[in-house]
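My notes follow in the order in which I looked.

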Amino acid sequence: MAVTDHIFADLELETAAAAELGAELESHQVSTEEETLAALTGVDLAFVNFAPVTRRVLQAMAPGAMVVRYGIGYDNVDVDAARELGVRVANVPDYGADTVADHAVTCALLLLRKVVTFDRAIATGGWLSPPDLAPIRAFSATTVGLLGTGRIGLAVADRLRPFGFAVVAHDPFADAEVLRAHGVEPVSMEELFGRSQLLSLHAPATETTRRIVNADTLALMPPGAALVNTARGALVDTDALLDALDSGRIAGAALDVVEPEPLPAEHRLRGHPGVVLTPHAAFYSEESLRALQRLACEEVLRAGRGEPLRCPVA
């Protein structure tokens, strides 16, 4: 059993799981394909955070191996190859939905009230009259759009509703009645971009969603709109977003995820006056991190015992 990479204070739960299965746990902090290949060759049970689990890596694992991804997304695992090779893959989709929703809504409120812009001006010795940053709209006069309405998207909607926002969403897989029960109006993709004064992203990165926020879709948004991304960096065409920010078409963006990640030191997103950056931290709270480890270990134990997986993706 092996851990390719992690951000936890300790691996007590993983060590206990390995002991229960009569296995030894090897812990690594790898980031490249070659390092991951070395770490997982011959391994039958693997915990993976961001390490690239490519076809080569999967081929080198033990027959009938299993990979559990610490988290919701699993785009760093070649799931198609795993299916072909008979390697089981699972994720942990429900460990921190509320925490990510908290972060997304925090970012939305900061952008809409222009708190960071006010703070930066005052921190550098300046002062502003509030109308200098007009328009700042009442929440009750603001429409928030959600791209994706899984656990996190619906949790965001539930948090927005008491503030008086109108909430619209596009999700081709959602039940319209479920959305309405959460106070969300289902709309087409074009209408989502056209009506969202703030757009919050909650979709996975797939062939159909990569760069879904691009020059064409940004041009549909109301002038002065804002963007929050706590989902995947690949959803956003960064160059198009920067162009829209520079032109003033988009007033601000709060990005917890970017592509590439981490950003190069000289990247234009760093220090941009319209951008708020956090370091892929939306998932993080002490409680969510512990739940992530516990649920991942429970999944590995199921695999080791030959039981059905709770959250299989391959």
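This is a predicted model: local features need pLDDT of at least 70, side-chain atom pairs count only at pLDDT 80 or more; totals for chains, interfaces and linings use all residues.

**Aromatic rings**

I then looked up the total and noted 6 aromatic pairs in the structure. For Phe163 and Phe165 I noted a tilted pair, with 6.2 Å centre to centre and 55° between the planes.

**Salt bridges**

I turned to the charged side chains and noted 18 salt bridges in the structure. I looked up Glu20 and Arg305, whose side chains meet at 2.5 Å, N to O. Glu20 lies in helix 1 (residues 12-20) and Arg305 in helix 12 (residues 286-305), so this pair ties together parts that are 285 residues apart in sequence. I also noted that Arg305 is partly exposed, with a relative accessible area of 43%.

Next I found Asp94 and Arg310 in a salt bridge of 2.7 Å, N to O. Asp94 sits in the loop between strand 5 (88-90) and helix 5 (97-112), while Arg310 belongs to the segment after helix 12, 216 residues apart. I noted Asp94 as partly exposed at 30%, and Arg310 as partly exposed at 35%.

Last, I looked at Arg159 and Asp98, which meet in a salt bridge of 3.4 Å, N to O. Arg159 is in helix 7 (residues 151-160) and Asp98 in helix 5, 61 residues apart.

Key
Residues are numbered from 1 along each chain as its sequence is written. Side-chain values use heavy atoms; hydrogens and water are left out. Rings of Phe, Tyr and Trp (its six-membered ring) pair if their centres lie within 6.5 Å; planes under 30 degrees apart count as stacked, over 60 as edge-to-face and the rest as tilted. A salt bridge is a side-chain nitrogen of Lys or Arg within 4 Å of a carboxyl oxygen of Asp or Glu. Helices (H or I, at least four residues) and strands (E, at least two) are DSSP runs, numbered from the N terminus. Buried means under 20% relative accessible area, exposed over 50%, partly exposed in between (1.4 Å probe, protein chains only).
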